[in-house]
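Here are a few notes to go with the model we talked about. Have it open while you read.

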Amino acid sequence: MSDTPNIFPGNWDVITPIILKTYEHWFSQNWSPVELPWDELDSKNFDSKEGLAQAYWMSKLALFEKSGIGAFGLAALQAGRYNMEDPAKKFLAAVTYDECRHDEICRRACSRLCPAFPYRFKPKTRLEEKALSNINALYENGKRYWKAFEQAWEKYPLELIFSSFFFAEIGAQLIFREVADRSKLRVYSNAFTNITKDESRHLTGTLGMLERLATTMNDQQKLTITRQMKHGFIYLSPLLFRPVGTFWRLPKDFLQYDEELEHIAADSGLGIPSLQDRAKDWLQAIERYRSKLENMGIALPQIEDIGLQGVQVDVKKGDDIIAAPL
Ligand SMILES: [Fe+2]
Ligand SMILES: [Fe+2]
């Protein structure tokens, strides 16, 4: 006999109806990444810089989708091992599937626009070289994120990790709606409209988990959620704002080429919002949940970069980032 957590005997308990309901919506809102107008992304329709620039942004997005597959997959397993209520396990598994679907959109776009980008790409121009080195640097940092995320399960109570998943979903819902609205190509507007639907479901379900878990949390634990929101901001910053240096170690000219590539991608039909719009929108998106969170006794963190007022949370260079994925 051992005390090692086990997925058996399991349970079919439904304790939080909103989590079951959210899981049920997954079936009716199902969609296929295969059936989108992919012909629009014929590399003949774009010059090589445009194809590269769109593939660049999709590869950046794929970093966060991949961490979503890993983190929600691991969370689904932990929910089973620690015998959480049945719909929580199934909801987390469904989110994992969604993240695969989002990563698949990134893979398909890259393979059509800039074949072999980024994993097996051989750059020939300076811009190609810089695009690739930016993506490689981001993925290299991603390894540090993942290592800390895996270690977090040994350091923190399960509930605390699950409780902070909602924050990234606020950001995810926001960015994808923006990209869907601004894209001039149907393949992108359709894909991102569907992804936004997925993210809205993720937000409802993860907030449902938080609401339930928050009822038994003490003040110290609630402050940890505030801290994890700040970590979430830092982790998602390369996509939703601009990379925050306390965590992200990137080449000196990262931002210069990042901005250039994002402009080219936006001008050629991929609806990436400008840096100013991203900061404004992210602030608004978080503010919408302020009263809900404060009613649970959870304070927002102070985030000067986007003008968010809240509790001062210090994150120092080199600190581990324990953050939820998109
Ligand atoms: Fe996603
Ligand atoms: Fe998500």
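1. A term first: a nonpolar core here is a set of buried Ala, Val, Leu, Ile, Met, Phe, Trp, Tyr and Cys residues joined through side-chain atoms within 4.5 Å. Keep in mind that this is a predicted model.

2. By that definition, the largest nonpolar core takes in 114 residues. The residues with the most contacts inside this core are Met58, Leu92, Phe162, Phe166, Tyr188, Phe192 and Trp282. Helix 2 supplies the largest share of the core, at 15 residues.

3. What does Leu92 touch, leaving aside residues up to four places away in sequence? Its contacts are Phe72, Ala75, Ala76, Ala79, Phe162, Phe165 and Met209.

4. Now the metal. Glu169 (OE), Glu199 (OE) and His202 (ND1) coordinate the iron ion (ligand 2), at 2.0 to 2.3 Å. Along the chain, the donors of this ion have the spacing E-x29-E-x2-H. Glu169 sits in helix 6 (residues 165-182) and Glu199 in helix 7 (residues 186-214), so the pair ties together parts that are 30 residues apart in sequence.

5. There is also an iron ion (ligand 1), 4.2 Å from the iron ion (ligand 2), and Glu199 coordinates both. Are these glutamates buried or exposed? Glu169 counts as buried because its relative accessibility is 0%, and Glu199 is buried too, with a relative accessible area of 0%.

6. Last, the surface. Ile7, Phe8 and Leu77 make a nonpolar patch of about 320 Å². Leu77 belongs to helix 2 (residues 48-81), and at 45% relative accessibility Leu77 counts as partly exposed.

How values were computed:
Residues are numbered from 1 along each chain as its sequence is written. Chains are lettered from A and ligands numbered from 1 in the order in which they are written. This is a predicted model: local features need pLDDT of at least 70, side-chain atom pairs count only at pLDDT 80 or more; totals for chains, interfaces and linings use all residues. Side-chain values use heavy atoms; hydrogens and water are left out. Donors are N, O and S atoms within 2.8 Å of the metal (3.2 Å for Na, K and Ca); water is not among the atoms, so sites may look incomplete. Helices (H or I, at least four residues) and strands (E, at least two) are DSSP runs, numbered from the N terminus. Buried means under 20% relative accessible area, exposed over 50%, partly exposed in between (1.4 Å probe, protein chains only). Patches are made of residues with over 30% relative accessible area and no salt bridge: like charges are joined within 9 Å, nonpolar side chains (Val, Leu, Ile, Met, Phe, Trp, Tyr) within 5 Å. Accessible areas come from the Shrake-Rupley method with a 1.4 Å probe; for residues, only the protein chains shown count as cover. A salt bridge is a side-chain nitrogen of Lys or Arg within 4 Å of a carboxyl oxygen of Asp or Glu. Contact means heavy atoms within 4.5 Å.
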